[in-house]
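I would ask you to keep the sequence and the structure in view while I talk.

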Amino acid sequence: MAFDPRFQGIPRPVNVGFMALTAAAAMLFNMLPWRDVIGLPDLLALVIAFWCVHEPRKMGIGFAWALGLLMDAGNGALMGQHAFAYAILAFGAIALHRRILWFSPWAQAAHVLILLVASQLLMLLVRMAAGGAYPGLGYFIGPVIAAALWPVATYVLLLPQRRPRHSDEPRSI
Amino acid sequence: MDYQPPPFFSRGPAPLVRLMFFISLAVLLMVLDARFRYTESLRQVVAVVVYPLQRLALLPVDLANGAADYFTSLVTLKHENEQLKTRQLESANDLLTLESLRAENVQLRRMLDAQEQLPRKATFAEILYMSRDPFSRKVVIDKGSQQGLQTGQAVIDDVGVIGQVTRVYPLLSEVTLVTDREQAIPAQIVRNGLRAVVYGGSDPGTLELRYMPTNADIQNGDVLVTSGIDGTYPEGLPVARVVKIERDAAYAFAKVSCVATTGPDRHRQVLVLAYDWKQPPPPPQAADQAPKPAAKAKRPKRP
């Protein structure tokens with residue numbers, strides 16, 4: 001599993017309900033009424049990238065696309081804009097998933113940074129082509145912060161899988 | 001018998017194939033939305049799915065507002081009350097004269113055989129949040145098609161125009177601010193009655209007058225109000241104030257920058273004005289166009 005010297009055991013299989021819950025929580029964070037906060041991380045993109053890296057058979061391009069469509073409708077953005085960016089993000093994460101987990105968490109974050117910036121850049125290009133206003137360079141602070149949260153996401157999102165199988169068994173974490 | 005791998009190895013289409021499929025679907029949606037606005041019904045359906053999440057996301061804000069209200073001290077309220085009383089006294093005089101002026105105005109208009117200006121129906125709404133889309137300037141208000149809102153209605157506050165309802169959901173509406181780049185308002189300069197169209201500017205919070213000749217009579221500090229030509233915005237609502245004019249002989253048009261009179265940050269409460277579209281009189285060419293169908297009929301039909 002992930003690069004984690006403390007964890008020796010075999011992790012439990014992922015719970016699909018937990019994956020859906022994290023995606024919903026990330027979307028809730030994105031929909032909080034942030035005013036004009038610059039450099040707001042797109043947590044949903046981070047969660048999608050995370051599950052595509054860790055569970056590429058359960059989280060795929062199609063789900064990422066559908067989540068993007070929900071974001072578009074909720075944000076009043078151009079229909080298909082987030083769906084487009086998230087689909088490409090998911091593809092990049094799935095393409096990387098075999099090698100990325102051999103790196104240390106911060107090196108993984110660097111990989112993810114490139115994916116997140118690329119998806120953000122795609123959205124920028126799409127919106128500029130559709131006649132939107134240029135939001136300024138602060139737009140690219142968000143992906144940097146999101147990538148910096150990757151080690152945190154690795155710890156938090158894998159917690160349920162690291163529980164011991166039986167409550168009387170000694171904890172291996 | 002041809003060889004096939006056991007079904008538990010099958011993983012469906014290759015990722016690249018899936019990617020291409022979903023990208024083309026997304027591009028199709030984007031083109032349909034940006035160019036033709038065909039995706040509104042799909043958006044309505046998806047928005048209903050997201051609506052509970054949106055309400056949940058607004059909960060912390062409501063809680064914070066409630067707490068702030070609770071801790072407003074008595075002194076502040078007393079002070080505010082006194083201020084309001086004095087202001088009411090000040091405006092009482094104006095109100096009294098307003099009545100007589102209104103009656104006089106109605107009479108004069110009747111004499112001029114002009115259309116009588118009827119007071120419009122207004123809906124009270126509250127701003128819920130700014131849209132998170134960084135490419136446009138929109139706010140979301142808490143009234144929707146259930147409350148009778150329609151796209152195209154003007155949104156104002158006590159100082160001036162805020163924007164226009166551009167998208168209506170069952171319980172929410174999206175208001176495009178006057179500072180959005182895609183938003184245009186027919187306006188008029190108070191000082192000399194010069195008409196212009198105000199567009200959203202490229203910098204946040206600014207507006208601009210496009211296509212004004214370099215010798216146009218515009219000065220710094222000129223106030224722009226709605227001209228009421230389009231029937232969407234009532235006449236005479238302040239929109240913007242001119243702050244900078246750049247006249248360059250190399251360009252045919254002057255660059256006029258303005259700042260908005262009001263914005264969504266001032267108040268949470270806004271008024272949505274009912275759409276008051278009066279059918280324009282039929283154009284005088286109607287008589288000339290009458291024989292056209294006959295001409296059409298003469299055209300030989302294709303086999």
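Predicted model: local features only at pLDDT ≥ 70, side-chain atom pairs only at ≥ 80, totals over all residues.

Let us begin with chain A. Its secondary structure consists of seven helices and zero strands. Chain A has 173 residues, and 42% of them count as buried. If we take the contacts in chain A between residues at least 6 apart in sequence, 71% join residues at least 24 apart.

What length should we expect for its 16 residues at 1.5 Å a residue? H1(A) should span 22 Å, and its end C-alpha atoms are 23 Å apart, which agrees. For those who wish to repeat the calculation, the expected span is 1.5 Å times one less than the number of residues.

Which residues of H1(A) are buried? They are Thr22(A), Ala23(A), Ala26(A), Met27(A), Asn30(A) and Met31(A). The cover over these buried residues includes H2 (43-54), H3 and H7 of chain A. It also includes a helix of the other chain, namely H2 (40-70) of chain B.

Next, consider a pair of helices within chain A. H5(A) covers residues 105-129 and H7(A) covers residues 150-157; their axes come within 8 Å and cross at roughly 115 degrees. Angles of 65 to 115 degrees count as roughly perpendicular, so H5(A) is roughly perpendicular to H7(A). On the H5(A) side, the contact is made by Pro105(A), Trp106(A), Gln108(A), Ala109(A) and Val112(A). On the H7(A) side, Trp150(A), Pro151(A) and Thr154(A) take part. The residues of this contact divide into six nonpolar, two polar and no charged.

I now turn to the contact between the chains. Chain A contributes 38 residues to it, and chain B contributes 39 residues. By type, the residues of the side of chain A that touches chain B divide into 25 nonpolar, 10 polar and three charged.

We come to chain B. This chain contains five helices and 12 strands. It has 303 residues, of which 28% count as buried. Among contacts in chain B with a separation of 6 or more, 55% are between residues 24 or more positions apart.

Six strands of chain B form a closed barrel, in the order E1-E2-E5-E4-E3-E12, and the pairing is antiparallel. Neighbouring strands of this sheet are turned by 45 degrees against each other on average, direction ignored.

Let us follow part of that barrel strand by strand. Strand E3(B), residues 154-156, pairs with E12(B), residues 269-273, in the antiparallel sense over three bridges. There, Ile156(B) stands opposite Leu271(B). E3(B) also pairs with E4(B), again antiparallel and over three bridges, and here Ile156(B) stands opposite Val161(B). A hairpin of four residues joins E3(B) to E4(B).

Is strand E4(B), residues 161-168, mostly covered or mostly uncovered? It is mostly covered, with six of its eight residues buried. Five bridges join E4(B) to E5(B), residues 173-177, and these two strands run antiparallel. Val165(B) stands opposite Val175(B) in E5(B), and E4(B) and E5(B) form a hairpin with four residues between them.

Tyr211(B) is found in strand E8(B), residues 206-213. Its phi is near 60 degrees, a positive value in a residue other than glycine. Tyr211(B) has 11 other C-beta atoms within 10 Å, and 12 or fewer is the condition for being exposed, so Tyr211(B) is exposed.

The second residue, Ile229(B), is found in the loop between strands E9 (223-226) and E10 (238-246) of chain B. Ile229(B) has 13 other C-beta atoms within 10 Å and is therefore partly exposed. From C-alpha to C-alpha, Ile229(B) and Leu16(B) are 53 Å apart in space, and they are 213 residues apart in sequence.

Thank you for your attention.

Notes: Residues numbered from 1 in each chain as written. Chains lettered and ligands numbered in written order. Pairing = 2+ DSSP bridges. Axes fitted to C-alpha atoms, helices over the stretch in contact; angles between N-to-C directions. Parallel < 35°, antiparallel > 145°, perpendicular 65-115°, else oblique. Contact = placed C-beta atoms within 7 Å. Nonpolar A, V, L, I, M, F, W, Y, C, P; charged D, E, K, R; others polar. Buried ≥ 20, exposed ≤ 12 C-beta atoms within 10 Å, placed from the backbone.
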